[in-house]
There are 2 protein chains.
Amino acid sequence: MVFKIGLLGLGTVGTGTVEILLDPQGRQPLLQELMLHRVGVRSLDKDRRVELPADLLTTDLNSIVTDPEIDLVVELMGGLEPARSLILQAIRAGKHVVTANKAVISRYSEEIFTAATEQGVYVMVEAAVAGGIPVIQPLKQCLGANRIHRVMGIVNGTTNYILTRMQREGADFAEVLADAQALGYAEADPTADVDGLDAADKIAILAALAFNGRIKLEEVYCEGIRKITATDITYADQLGFVIKLLAIAERDPQATADNDWLCVRVHPTLVAKTHPLATINQVYNAILIEGEPIGQVMFFGPGAGAGPTASAVVSDMLNIVGMLQAQGTGEAQAPVMHPLMSCTHQHYCQLSPLKELMTRFYARLITQDAPGVIGKLGTCFGDHQVSLESIVQIDSHGELAEIVVVTHQVREGNFHQALEEMQHLEVVEQIPGVLRVL
Amino acid sequence: MVFKIGLLGLGTVGTGTVEILLDPQGRQPLLQELMLHRVGVRSLDKDRRVELPADLLTTDLNSIVTDPEIDLVVELMGGLEPARSLILQAIRAGKHVVTANKAVISRYSEEIFTAATEQGVYVMVEAAVAGGIPVIQPLKQCLGANRIHRVMGIVNGTTNYILTRMQREGADFAEVLADAQALGYAEADPTADVDGLDAADKIAILAALAFNGRIKLEEVYCEGIRKITATDITYADQLGFVIKLLAIAERDPQATADNDWLCVRVHPTLVAKTHPLATINQVYNAILIEGEPIGQVMFFGPGAGAGPTASAVVSDMLNIVGMLQAQGTGEAQAPVMHPLMSCTHQHYCQLSPLKELMTRFYARLITQDAPGVIGKLGTCFGDHQVSLESIVQIDSHGELAEIVVVTHQVREGNFHQALEEMQHLEVVEQIPGVLRVL
């Protein structure tokens with residue numbers, strides 16, 4: 001039985017996908033039943049790394065998503081439009097969809113999965129999160145026995161590369177970013193990566209799967225790595241931490257049956273060097289899932305790149321085709337969707353306000369170098385129920401001293417009230433570094 | 001639609017499985033369609049951690065595997081018999097099977113999967129390898145786009161615990177083993193763990209899936225950790241390595257289309273401290289998969305324990321039930337098996353003889369402390385095409401010297417010939433430590 005594929009986009013990942021399809025030997029035998037039927041591109045004239053018969057290529061993308069011969073549409077164009085509209089058109093034409101488009105899925109999952117459920121088609125998104133690392137499918141199909149407490153990870157390779165180099169070279173952010181751009185590890189406009197927006201898209205997708213409810217992307221708290229300095233990295237190192245941009249979705253520990261809130265957020269975080277995520281360096285990604293009864297599992301691998309991402313795309317295609325084979329094509333019964341492969345939730349998860357978050361903090365303060373300063377700071381924290389693990393004067397420059405504070409678990413709102421009050425203390429000159437601690 | 005479960009065995013993992021089934025709230029909603037119908041136990045009188053209606057329990061295991069009401073048999077008894085016979089009976093009675101029994105699956109996969117394919121039922125074994133870590137399903141369903149080159153990992157928690165403690169405490173094997181036994185981390189008869197047999201079962205299962213062919217367990221080379229000394233661990237540490245018991249299945253790099261040999265083996269291995277597997281300590285397991293185009297992915301988590309293993313068991317149950325729902329129950333068409341969830345290979349993989357393995361070696365030699373010894377050793381290695389990376393005299397005690405050798409990639413057969421010849425050199429007293437290097 002042959003399944004016909006319509007591919008939208010022949011960029012890096014599209015080319016990687018075609019390379020796998022054209023060279024099935026030694027891979028899963030089911031691959032031989034996938035046939036590339038049409039490939040939608042922006043320009044027919046471009047030189048390409050893969051050779052395809054000229055009549056496979058078209059610039060008319062609409063003709064692909066409505067082609068009655070096509071069983072499965074693979075969207076690898078990226079961007080919001082026309083990707084979103086084409087995905088929806090394909091679904092309404094009864095086609096299954098595989099996409100690597102995290103931006104579309106994190107924003108439009110409601111209309112996309114509602115349409116897919118109505119049409120009885122699968123929409124698979126493994127490649128949208130963490131490139132080649134299997135994480136979407138394990139969450140859907142391997143961890144269903146668990147109550148998931150937390151999903152967190154390093155899901156943006158560019159920022160992990162920058163932070164790794166800052167850590168190793170003692171360099172500042174701007175310097176490493178410029179070099180990463182020159183080397184092609186960061187884009188000319190690095191906003192989506194360094195401001196955490198890409199990671200926010202990904203954690204919104206993971207949270208929806210882990211906690212079985214939709215997530216409003218605009219409610220995900222998002223803080224990037226632009227403000228990280230070489231100084232903070234050095235002090236964190238001395239305290240036994242590395243700084244990582246973490247994307248975290250967790251059930252509020254104070255949640256009750258009626259009040260089942262989540263906290264979903266992206267921010268740079270001090271991670272103890274002994275923690276599994278602390279060892280993930282360079283462009284690698286890793287996702288750690290915590291649940292009951294499994295405890296902790298972690299998935300680690302290449303978070304981007306043509307080959308790894310294409311591996312995830314083709315894996316989704318194989319799963320759909322395997323499923324279609326197993327369901328058969330008989331007309332005797334309406335197909336029922338596989339409950340682990342389809343979207344079964346419709347409600348939106350309630351996200352708790354960040355000020356309610358319980359977390360540890362690291363803060364670096366520049367103060368006057370005078371007796372009693374540490375006492376004043378300690379009292380101010382104490383007045384706001386901020387319990388300290390350590391407060392250390394690291395350095396003094398002339399009349400100024402540099403003080404580093406690490407708190408126990410505190411309410412984020414309380415901590416910020418304490419900082420706010422502290423900024424008005426005469427002895428406090430500046431609070432240049434404030435970071436959460438895992 | 002309710003699916004009725006027959007459970008064989010109510011030990012640690014069986015109890016963990018029942019706990020999940022009896023408390024589905026907050027887990028995958030599909031769990032609510034699983035109903036525990038019969039539970040087979042050895043004794044009806046035993047006190048148990050879970051409360052079950054008395055009429056659910058029976059000591060008549062045969063009655064479970066032939067019960068016409070039961071859809072799915074879950075075998076968690078362990079041991080070869082009667083587990084193997086009961087699994088086969090269940091399959092022949094048309095029941096799907098979930099098992100955590102690595103010993104049965106690694107030895108009897110041919111008859112079990114042949115029977116399952118004939119009957120059109122699924123046999124799922126996620127819990128047989130690496131406890132709670134999803135690895136079987138990711139191999140079957142998430143990595144099919146890849147040509148797998150190598151699967152390797154730390155798949156035995158007991159030996160990893162022992163090696164971690166030896167490393168941290170500088171203690172010898174016998175001492176840590178005794179303590180691990182007292183603490184319940186090692187069994188009274190530790191043979192299956194410390195001699196690598198348990199790891200061999202697991203790598204045989206993983207190799208069959210990764211390389212899509214059956215594996216003869218008796219052809220898997222297996223060497224345990226009894227001979228590892230505190231001295232070797234210290235020297236390895238100085239050279240930048242830790243010692244781990246690795247289970248490795250890899251395609252022979254010299255393989256051709258006609259001669260597609262595998263090398264499947266278990267042995268203690270020097271692993272560079274910078275390698276992802278070097279950071280896996282205590283009872284944790286990890287499996288690293290290398291393929292094209294994905295590169296490397298690693299799965300890390302708890303390799304044993306009631307909760308994690310039960311998580312894998314229930315995940316398999318959910319996948320079967322999800323599949324059955326999607327296939328429908330109509331009589332109009334014979335069910336086709338999902339090609340990624342069923343066994344599609346029948347041939348046996350050819351395993352290459354260990355002497356053909358290309359690997360690096362570490363060796364520790366006790367020699368006379370005399371000028372020219374290093375020259376004699378170097379010449380002897382050279383005569384057998386064994387190229388050395390380093391040869392260092394570490395220590396001398398009276399008239400004896402301790403010399404540590406690390407080779408480049410060499411043919412295992414050549415290396416052993418060199419050692420054999422060396423043992424007859426007058427200057428060589430003893431070769432107490434020989435280990436492979438990753």
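## Close-up views of a predicted two-chain model

View 1. Just beyond H3(B), Gly94(B) adopts a positive phi of about 80°. Please keep in mind, here and in every view below, that this is a predicted model. The helix itself spans residues 83–92 of chain B and is mostly covered, with 7 of its 10 residues buried. Those buried residues are Ala83(B), Arg84(B), Leu86(B), Ile87(B), Leu88(B), Ala90(B) and Ile91(B).

View 2. Is Gly11(B) buried or partly exposed? With a relative accessibility of 37%, Gly11(B) counts as partly exposed. Leu86(B), one of the buried residues of H3(B), gives a handy landmark. The C-alpha atoms of Gly11(B) and Leu86(B) are separated by 17 Å, and the two residues are 75 residues apart along the chain.

**View 3. Helix H10 of chain B and the glycine that follows.** H10 covers residues 230–238 of chain B, and its buried residues include Ala230(B), Asp232(B), Ile233(B), Tyr235(B) and Ala236(B). An α-helix has 3.6 residues a turn, so residues three or four places apart point the same way. After H10(B) comes Gly240(B), which has a positive phi, near 95°.

**View 4. A salt bridge between two strands of chain B.** Arg265(B) and Glu250(B) meet through their side chains in a salt bridge, at 2.8 Å from N to O. This pair links distant parts of the chain, 15 residues apart: Arg265(B) belongs to strand S10 (residues 262–272) of chain B, and Glu250(B) to strand S9 (residues 241–251) of chain B. Both Arg265(B) and Glu250(B) are buried.

**View 5. Two salt bridges within chain A.** Over all chains, the structure holds 48 salt bridges. One of the pairs in chain A is Arg107(A) with Asp201(A), whose closest N and O atoms are 3.2 Å apart. Arg107(A) is partly exposed, at 39% relative accessible area, whereas Asp201(A) is buried, at 7% relative accessibility.

Another pair joins Arg226(A) to Asp195(A), with 2.8 Å between the closest N and O atoms. Arg226(A) is in the loop between strand S8 (221–222) and helix H10 (230–238) of chain A, while Asp195(A) is in the loop between helix H8 (191–194) and H9 of chain A, so the pair ties together parts that are 31 residues apart in sequence. Arg226(A) is partly exposed at 40% relative accessibility, and Asp195(A) is partly exposed at 22%.

View 6. Leu183(A), Tyr185(A) and Val283(A) make a nonpolar surface patch of about 270 Å².

**View 7. Where the two chains meet.** How many residues does each chain bring to the contact? Chain B brings 56 residues and chain A brings 55 residues. About 4600 Å² is buried between chain B and chain A, and carbon and sulfur atoms give 56% of that area. Between the two chains there are 24 residue pairs in polar contact (both at pLDDT 80 or more). Helix H5 (136–142), strand S12 (295–302) and helix H11 (306–327) of chain B are the elements that give two or more residues to the side of chain B that touches chain A. H11(B) provides the largest share of that side, 12 residues.

**View 8. Salt bridges across the contact.** The count between chain B and chain A is 4 salt bridges. In one salt bridge, the side chain of Glu292(A) meets that of Arg27(B), at 3.1 Å from N to O. A network of salt bridges links Asp23(A), Arg27(A), Arg147(B) and Glu292(B).

View 9. Gln325(B) is found in helix H11 of chain B. Its relative accessible area is 15%, under the 20% limit, so Gln325(B) is buried. Leaving aside residues up to four places away in sequence, Gln325(B) touches Val336(A) and Pro339(A), as well as Met1(B), Phe3(B), Leu30(B) and Glu33(B).

Technical notes: Residues are numbered from 1 along each chain as its sequence is written. Chains are lettered from A and ligands numbered from 1 in the order in which they are written. This is a predicted model: local features need pLDDT of at least 70, side-chain atom pairs count only at pLDDT 80 or more; totals for chains, interfaces and linings use all residues. Side-chain values use heavy atoms; hydrogens and water are left out. Buried means under 20% relative accessible area, exposed over 50%, partly exposed in between (1.4 Å probe, protein chains only). Helices (H or I, at least four residues) and strands (E, at least two) are DSSP runs, numbered from the N terminus. Patches are made of residues with over 30% relative accessible area and no salt bridge: like charges are joined within 9 Å, nonpolar side chains (Val, Leu, Ile, Met, Phe, Trp, Tyr) within 5 Å. Accessible areas come from the Shrake-Rupley method with a 1.4 Å probe; for residues, only the protein chains shown count as cover. Contact means heavy atoms within 4.5 Å. Buried area is the accessible area (1.4 Å probe) that two parts lose on being put together, summed over both. A polar contact is a pair of N or O atoms within 3.5 Å; within protein, one must be able to donate a hydrogen and the other to accept it, and residues adjacent in sequence count only if both atoms are side-chain atoms.
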